[in-house]
Amino acid sequence: MRVSLRWLQDYIDLPTEDPAEIGRAFDMLGHAVEETETFRADWTSVVIGKVLTVDGIPNADKVRVTTVDVGEAEPYQIICGAWNFDAGAIVPVALPGAVLPGDFKIGSRTIRGVESHGMICSARELGLGEEADGIMVLADDAPIGEPFETLLELPDVVFDLEVTNNRPDVMGMVGVARELAAWFDVDYRPPVIELATVPGEPDLAITITAPDGCNRFTAREVRGVTIGPSPLWMQDRLRKAGVRSISNIVDVTNYVMMETGHPLHSFDADRIEGGVLDVRWSTPGETLETLDGSTIELTPEDLVIVDEAGPTSLAAVMGGARSEVSDATTRVLMEAASWNPPTVMYTSRRHDMRSEASARFERGVDPNLAVMADDRACQLLVAIAGGEVLESQIDIVANAFSPISIDLAVRDVERFLGEGFDAQRCAGLLRRLDLEVSATDETLTVIVPTYRRDLTRPVDLIEEIARLADFDTFDSTVPTGPVGGLTPDQVRTRRLQTALRGMGLSQAINLPFVSPEELAAFGGGIGEVVSVRNPLRDDQSKLRQSLLPGLLRNVRDNLNRGARSVGLYEMARVFYARPWADDGRVPDQPNRLAVAIAGPFGPAVLGRAAAAADAEVALGIVSAIADRMGVEIGRTAAQPPGFHPTRTAELDLNGQAVGYAGEVHPDVVADYEIDGRVAVVEMELAPLVAPVAAPLMAPVSNYPHVEFDLSFDVPPALAGGDLVDATVKASILLERADVFDDFVHPESGQRSIAVRYRLRAPDRTLEREDIDGQRDAMVAAAAALGGTLRGES
Amino acid sequence: MTEENNQDPEVDLDAKLEEMMLNLRLPDPADLQDEIDGITSSEALAEFEKKHLGKGSSIAGEMRNLGRLPQDQRREAGRRINEVRQAVQGRVNERQEALTVQERAASMAAEGIDVTVDHRQIPIGSLHLIQQVIDEVSDIFTGLGYHVADGPEAELAWYNFDALNTPPDHPGRLESDTMYLDYGKPEDEMLLRAHTSPVQARYMEQNPPPVYIVSPGRAYRNDTIDASHLPVFFQIEGLAVDENIKFSDLKGTLEEFARQFFAPDTVVRLRPHYFPFTEPSAEVDVSCFNCDRGESSCRVCGGSGWLEMLGCGMVDPAVFEAVGYDPDAVTGFAFGMGVERLAMVRHGIDSIRHFIDNDLRFLEQFQG
């Protein structure tokens, strides 16, 4: 809502003209000032003149020569290229020496031997509009010789207000004045309506067959109207309000809308087919031709105004071309109707037609303003376009709105706002808003007029009291909760992230929307997919069931941008169409951790990159995560969809399958147009960050250790990890075991694993017999699984 | 100087005589000193030591011959040989110490590196800036006695709208604003939560007052991606419900937050606004941390001196009724802020798209 200060002053005598102070008032009333714009005369030496003579110039058929009285002793001779005026016209004249907007300097010159001193100006040349075809023709009573800007309200300041959705009343100048009057505790005055009418009643039959869409339909007929441009003062105000001037008739409807907040519509009464209008819901297949010449398809949820020939207007949103006022209009039906807000909201969005009118109707225009707005519009129309108003007003009330009464307990005001709000103060603040208040010490009874439909409950009044008390005057106090802090899971989630970061991985955040193809790549799909009913794009209609598609896209994009290596992780929810354990009404949406790494992984030395990430890196990361989180994660070879079939492990934690680690399947890697391997981990987050028992200290021995290596031949069916685990479990003195070689003999195909074991006793230096005993037990344990000792050192 | 050296001058004459008497062929340690001083490397000194003290040296030879000497001379000869050996060894050791110092100095001089060049790169990852801000804000509020609460993102419309006093025809419910899901029973309309407030409703349903929580997380809106919109973004909402929560508590709490998050001298301004779930409602501006109020060139606030940061208000009694709290027994406040907005303002980020591009060049800038 653009509010011109000069216009506003028609309705209120403000105690200040300081834009900063008024701006603060708007801000603190809750109507945030988005922008403050200053209007000034952007020219010098432009005066009001009267054209005395207009004559042709020999051999010049595009321009004429005029003499113009500018209030000086002698008239000025000025050549003019515009043809929209004759002798006697009052016009703005830029005198020689004038400077127009755009630093356009006006002087004297000679064209085809004819002298020209100054220029007669168009609206565009003065920066007042787009009209450039003709010069501005001013009102006949404009004072000749006076500066042109005296006809305009300049200088002026326009506040562009952000009016919240619950305040239709602030969408008009009168309502704005009422707010400022409450803030500054001064009076305001609505426009005085003096409507002269002639006897008669409109030759129209109007009905409302959709009372669920239309609250009230009020209209007057005005006869003998002369269409033309609206007067300069009205154009000036509309321009500042951000409304384009169309014609006097249309300008009046917009002017009164800006003034009262009640939108109006003007029909050419002669173009209403059959002299009947009805408000009804549209029927399938109906269309409406709009003013800009396009045809829109209507739906049964659209409310239309129809005459005998069908829809002539999309109620509240847009007039149709068929009954719109035109240059030939003389008989106007000036309508002020109010509509059901949700209907307007849906229709304006459905057809993408947002307007000043729809912005008001969506908020809820007060039907009880209709008569006043309609009368005001007719009053102004007759004043600027002539004609006469018929005495009889059409006024159909489908839904009556009455003031309501709210009882407010003073105690509740203090519960919300703190001390210092007794009945007297509260009543005083509310009365400033023109509310009728009767008060006892405990209770206020407040009568709320229908233009404040946002006030329905006591708490709504508490807000009004707080607002007028000025939010800036409230104290600052800080309450604290009884106990705060992170839960163990939250602490461990942070610890996990710190660990991942230490591994060189960066956190990614992706959108959860995927295509069916992306979903299928990692086995998502079948039956348990959650779909978005209204997706942003059709190929983003599914909710992810794996974090890997997003990370693979990130890997690809980073490599394409020139990254040599990419290591990312993400923690986020995935979605399954099955009941969630915590609330069966919503779909399952567990949190996951996923990692994706491509390219060299680990420290690099002067140009020599680390080895490229592969499945073994992924498995190493799982082990590191398990260590950091104090859990054991088991691994078995697996072939889940999307993963490399021979380089992937299923992970389990406390016997529960929790995810996979390995490499992405080469086919999928190719689909993502990535060169090389991509190491990935994806696992459930909850079991990983669930609290674990505090570990008890294991003894730290001060005795020396012994190391020896064993290498085993591993039969094809035996998992290397199982063999190593068996040897580890066989020794009670084992401190650690590290696989340092794992190879397949190129000729025999025999696989061998070499392990370095470290033994240490808690209570003594190891003797030869100790070591031999442990070693034999380990070898025996390996042999029991089929692993034979190949060598030792 | 070692002790042996000090003895040298007095050994001299007597020793010579005795040697001659014993007929021992031993070097005079003093005569070797010049040669020792001329040795300039540990390797050469080792050669010298081998020559004069090793197996083939005259000292070793005389020691081997000791057994052949007459019984009465053996003891004296042994003493003498040892004396000479120790004297030579002492001079060698002394030289070695000097050489070690020299050689270590030379070696250090030779192995110097240019400390201004990175020859090794130790990779370290980064927390996403969004995560950093969430953690930081959570920490501020846990310090004030709040818990951090979480909840489902695929959510019932009831928790997202109805429980929060949103009218049935509120524009936020339109498909043009909110993303709906095909799931569940028709009467349980399902959506991707449009804010994290449903967490508050759920938390109150399950926990009696007092409640002090913040709920960070994803929120979803049907917005096309551009420089200032994402269909999925992060919010942090806070809720305090207790017996005597007042408007001043809301103001003071946000002030405390802003001072910890932005700058210690931050000023907070509350302006009335409208939200369905709070009343009174307010928008919150914080004073610009980058300029002295109203520098028109300020790239953070654009000259207004204020930064619009969040929305807040006193919890609407209708919300308490929806979750089963007694609105006559408790009051509360709630606030919500966009994590991206906090990050963009504080770090001067020009487009919200950076947050989902996952470009390492962006991510790694913010090491927190």
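Predicted model: local features only at pLDDT ≥ 70, side-chain atom pairs only at ≥ 80, totals over all residues.
I started with charges across the interface of chain B and chain A, and the rule finds 13 salt bridges there (a side-chain nitrogen of Lys or Arg within 4 Å of a carboxyl oxygen of Asp or Glu). One of them is Arg533(A) with Glu189(B); their closest N and O atoms sit 3.7 Å apart.

Residues are numbered from 1 along each chain as its sequence is written, chains are lettered from A in the order in which they are written, and side-chain values use heavy atoms, with hydrogens and water left out.

Next I looked up the extent of the interface. I get 100 residues of chain B in contact with 94 residues of chain A (heavy atoms within 4.5 Å). The buried area is about 8,100 Å², with 55% from carbon and sulfur atoms (accessible area, 1.4 Å probe, that the two parts lose on being put together, summed over both). Tyr183(B), Pro272(B) and Glu279(B) supply 9% of what chain B buries against chain A, more than any other three residues.

Then I checked strands (DSSP runs of E, at least two residues, numbered from the N terminus). Strand β36 (residues 604-605) of chain A runs antiparallel to strand β1 (residues 120-121) of chain B, and two bridges join them (strands pair if DSSP finds at least two bridges between them). In this pairing I find Val605(A) opposite Arg120(B).

Notes. Helix = DSSP H or I, 4+ residues; strand = E, 2+ residues; numbered from the N terminus.
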